[in-house]
Amino acid sequence: MLDVVVVGAGPSGLFAAALLLQQGFTVRVVEQRSEPGSHSRAIGLHPPGLAALDAVSVGADLTEQGVKIRHGKARSQGNIIASLDFSSLPAPYPFVLAIGQQHTEAALRARVLALDASAIEAPLTAVSMVSGPSSFRVRTSAQGQRGEFVARFAIIADGAKSVLRESMGVRTRHRKYADTYLMGDFADSTNYGAQAVLHLEPAGVVESFPLAGGLRRWVARTDQLQTTATTQLLAEIVADRTGCAVDPATATMLSPFSVQATTAARMYCGRAIIIGDAAHEISPIGGQGMTLGLLDAATLVPLLAGALRGQDVDTQMHSWERRRQGAAASARRQAEVNMTLGRPLGPRMLMGRNATISTVARSTFITEWVARRFTMTYQS
Ligand SMILES: Cc1cc2nc3c(=O)[nH]c(=O)nc-3n(C[C@H](O)[C@H](O)[C@H](O)COP(=O)(O)OP(=O)(O)OC[C@H]3O[C@@H](n4cnc5c(N)ncnc54)[C@H](O)[C@@H]3O)c2cc1C
């Protein structure tokens, strides 16, 4: 019997597995994909996430590879309306690290395999699970072949569309937003350097973030989901709203997306614990989803280690669940504020909103508070 079976080799599952393996527990990670993901989707690693990753010795390497965002600007119709400086954040990470999710996952995967070369079982799909008095069975399927893992505990980290969460009968609250976006990574042709820039324009927001390798991420709010969008379309939207020229031929990724938030009623389900997007999917506009999942793992593993060593951690697990659900609710609200700010506005409303932002941004107290909210520095 294994100590822990982890379902899902995304950032949440891999990080939990690395933390457990480091403490000498036996772990298997079941992953349905045959190849690691290559999409750059989550590009923001926030200070508490970076600090947590230090525990498995990957934070420093990622920091070397990524771009440190120390400043942000809000612009509108050619003017800078607010600036945000992250230098007030505590050391050692007074910045948000911009790095594609595929690199974060690769670093975690390498760490897991260095600790146990056979820890990742892929491609293998977990199809259901059965809980017993002292163990947990995760049933799997691969090319018509059935199998199962028996473990003392299971970590469910199979993402927003979690099948195992459903199979355990855990209820979810789902909210679909009307907002849609078009996102792409292109060669950086701006002079923004390592700054994040929010263009709050009449036709809707255009977000712009630096990436390693001379790339820049652009995210534009769209009127509807642009399922047949081309890189040319995103380049045109960026040019129309911001005046920035983006070369469509240099795109390395293009993704139209709509936005939803899904919250599982429970994370602590006895011998199974749900973490990451499987527990709380939030809008990518805000960029805090991946760090939330990493912090779920970082805070869960010490409790799980106690349970594996025979301690009664039931009360602590319940309070862990409450804290993590509170953290997810806070990140969800932050994302909702960001989405509201990015919606199209008529000229008078736009002027009023920009004037308010400019006034508020003159207060150091407020900008330092906003910097902590944006970077999740209030979370642990
Ligand atoms: C467009 C976009 C942009 C984003 N930008 C940001 C950002 O800037 N910052 C940020 O923090 N977050 C961002 N996010 C969110 C971030 O990508 C997720 O929060 C993060 O990937 C969640 O990690 P996870 O490990 O919980 O789940 P996932 O990354 O979804 O991993 C789940 C894993 O489980 C596997 N799996 C699923 N079902 C099974 C099964 N039955 N059996 C076996 N394996 C299974 C999947 O193949 C996958 O590998 C963004 C998301 C999107 C879509």
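Three strands make up an open sheet, in the order S3-S7-S4, with antiparallel pairing; strands here are DSSP runs of E with at least two residues, helices are runs of H or I with at least four, and both are numbered from the N terminus. Two strands count as paired if DSSP finds at least two bridges between them. Strand S3 (44-45) and strand S4 (67-69) sit at the edges with a single partner strand each, so one side of each has no neighbour in the sheet. S4 and strand S7 (residues 96-98) run antiparallel and are joined by three bridges. Val67, for its part, has Ala98 of S7 as its bridge partner.

All of this comes from a predicted model, in which local features need pLDDT of at least 70 and side-chain atom pairs count only at pLDDT 80 or more, while totals for chains, interfaces and linings use all residues. Residues are numbered from 1 along each chain as its sequence is written.

There is also an open sheet of eight strands, ordered S6-S5-S13-S14-S15-S12-S16-S19, and its pairing is mixed. Strand S6 (79-85) and strand S19 (280-281) are its edge strands, each pairing on one side only. Within this sheet, strand S13 (residues 196-201) and strand S14 (residues 204-211) run antiparallel, with five bridges between them. Gly204 in S14 is the bridge partner of Glu201. Helix H8 (residues 314-341) lies across strand S12 (172-187), S13, S14, S16 and S19, at about 135° to S16. Such angles run from 0 to 180 degrees between N-to-C directions, with axes fitted as lines to C-alpha atoms, for helices over the stretch in contact; contact means C-beta atoms, placed from the backbone, within 7 Å.

Next come two helices. The axes of H1 and helix H4 (residues 101-115) come within 9 Å and cross at roughly 25°. That makes H1 roughly parallel to H4, a label for angles under 35 degrees. Among the residues making the contact are Leu14 and Leu21 of H1 and Leu108 and Val112 of H4. By class, the contact has nine nonpolar, three polar and three charged residues; Ala, Val, Leu, Ile, Met, Phe, Trp, Tyr, Cys and Pro count as nonpolar, Asp, Glu, Lys and Arg as charged, and the others, Gly among them, as polar.

Technical notes:
Angles under 35 degrees count as roughly parallel, over 145 as roughly antiparallel, 65 to 115 as roughly perpendicular and the rest as oblique. Two residues are in contact if their C-beta atoms, placed from the backbone, lie within 7 Å.
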